[in-house]
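Trainee: Hi, could you walk me through this one? I'd like to talk about helix packing and then the ligand.

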Amino acid sequence: MPTLVVEESHTNLKSIFGASGVKGKKVTTLPPEITISHFIQSIIKNKSSQIDSPFSVLDLRVLMDLMTKWTTKLPTVKPYYAVKCNPNLSLIGTLASLGSNFDCASRAEIEAVLSLGVSPDRIIYANPCKSESHIKYAANVGVNITTYDSVGEIDKIKKWHPKCELVLRIKPQEDSGARSCLGLKYGALVEEVPELLKAADVAGLKVIGVSFHIGSGGGNAMAYHGAIALAKNVFETASLLGMPKMKILNIGGGFTSGTKFDVAALNVNDAIKTYFGNDEDLVVIGEPGRYFAETSFTLATKIIGKRVRGELKEYWIDDGIYGTLNNIMFDFAIVSCTPMRFSSKHEKNVRDTKSYASTVFGPTCDSVDTVLKEYELPELEVNDWLVFQNMGAYTLSSGTNFNGFSSSAKNIYLACSTPVPREETNF
Ligand SMILES: *Cc1c(COP(=O)(O)O)cnc(C)c1O
């Protein structure tokens, strides 16, 4: 006889509502039957014409669940959330209260994390090429671990932050098939490793570990194995050179939150066991960005214009390629949306279930600013809405103010959905 379990931890919720970046803000707790989509509808209905559009909803529950999943499937890997993916302070603060550390790549990102009261020893400065002024800043505030992949970087760090410990970023060999291949820009080649290790040693800087990034978004989860094997070779090279034993294996980002995560986790755990199984002092860290951010945000945009050309229906919404939806351009995202009908014009006509291959434009006067083409939608009107799910990764962080349209949905509503009670199963 299965028993009903509600996966609720009140202590957890309390600490999240009290987290920096969340405390003092309104968090709407949603009962199990109320989805984020219902919540968005109620926001639009209640505020009607006054509502600032576009807006986003951050579901704190998603972050809690993803953290539970991470610590269950990758128990030996400490997460350092990659701030560049989405620097929203409520998101960062929630992750901090759930025990995450942080990967920062610039002075401003370090400032944002420190502003939440996070200690600098929970930050890795994971940018292999930093400006001197940012290195000086890191030294001042006590961020004491950074990555490098060139001799030039060693010179700068020796000069401005000689106490800083180094992690050598290597380029994974395999092309993981990721949407954004970071190896095109970063990572030492195998043949460069001995020289880079020696140069740091001669400069009196301590190399404490190795990092890599298999590429972001949709990469092959098997790529971690080969990259961890390469990292092991670097550990051995350092030993052969008579350098102190390395202790940090940084497996970077590249995780997604779907079922691919389970495959990646098995792959990572197996590779750690295979290559580092007898290394008791090893500290493994990861730098997930997309994993936490992507599914936690939902974007709601309003239809502000419509044009009908024969069979073709074209709509303008108030966010686009230069704003939150820049992920279509920079992150090669394939987005999808759900219409929400609010216009009074539908009252006679709501039963019309026909759909049309439609075009959706963003608000700027550039024709590149096209969000969807030949996308099946029912006939919509001005003041209807389009809702985009999974809009948390590389969206709010990388938009512009082009043409006077603000880069991001400034209004972010915080919600905490409730998991539907489920039947306990044996697994
Ligand atoms: C962007 C980046 C990440 C995060 O990558 P995801 O694919 O979003 O997980 C992690 N580490 C470094 C060094 C990065 O540049």
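Mentor: Happy to. Let's begin with a definition: an axis here is a line fitted to C-alpha atoms, for helices over the stretch in contact, and angles run from 0 to 180 degrees between N-to-C directions. Keep in mind that this is a predicted model.

Trainee: Why are α9 and α10 called roughly parallel?

Mentor: Angles under 35 degrees count as roughly parallel, and α9 and α10 cross at roughly 25°, so these two helices are roughly parallel to each other. The crossing of α9 past α10 is right-handed.

Trainee: And how does α8 pack with α9?

Mentor: Helix α8, residues 193–202, meets α9 at an angle of about 50°, and their axes are 10 Å apart. That makes the pair oblique. Their crossing is right-handed.

Trainee: Nice. Switching to the ligand: which residues come nearest?

Mentor: K84, S216, E287, R290 and Y394, out of 14 residues around the ligand.

Trainee: What does the side chain of E287 sit 2.6 Å from?

Mentor: A nitrogen atom of the ligand, reached by an N or O atom of the E287 side chain. Ligand oxygen atoms come up too: one is 2.5 Å from a polar side-chain atom of S216, and one is 2.7 Å from an N or O atom in the K84 side chain.

Trainee: How much of the ligand does the protein bury?

Mentor: 94% of the 390 Å² that the ligand exposes when taken alone.

Trainee: And the shell around the ligand, by class?

Mentor: Four nonpolar, five polar and five charged residues.

Methods. Residues are numbered from 1 along each chain as its sequence is written. This is a predicted model: local features need pLDDT of at least 70, side-chain atom pairs count only at pLDDT 80 or more; totals for chains, interfaces and linings use all residues. Side-chain values use heavy atoms; hydrogens and water are left out. A residue is near a molecule or strand if one of its heavy atoms lies within 4 Å of it. A polar contact is a pair of N or O atoms within 3.5 Å; within protein, one must be able to donate a hydrogen and the other to accept it, and residues adjacent in sequence count only if both atoms are side-chain atoms. Accessible areas come from the Shrake-Rupley method with a 1.4 Å probe; for residues, only the protein chains shown count as cover. Ala, Val, Leu, Ile, Met, Phe, Trp, Tyr, Cys and Pro count as nonpolar, Asp, Glu, Lys and Arg as charged, and the others, Gly among them, as polar. Helices (H or I, at least four residues) and strands (E, at least two) are DSSP runs, numbered from the N terminus. Angles under 35 degrees count as roughly parallel, over 145 as roughly antiparallel, 65 to 115 as roughly perpendicular and the rest as oblique. A crossing is left-handed if the near helix is turned anticlockwise from the far one by less than a right angle, and right-handed if clockwise.
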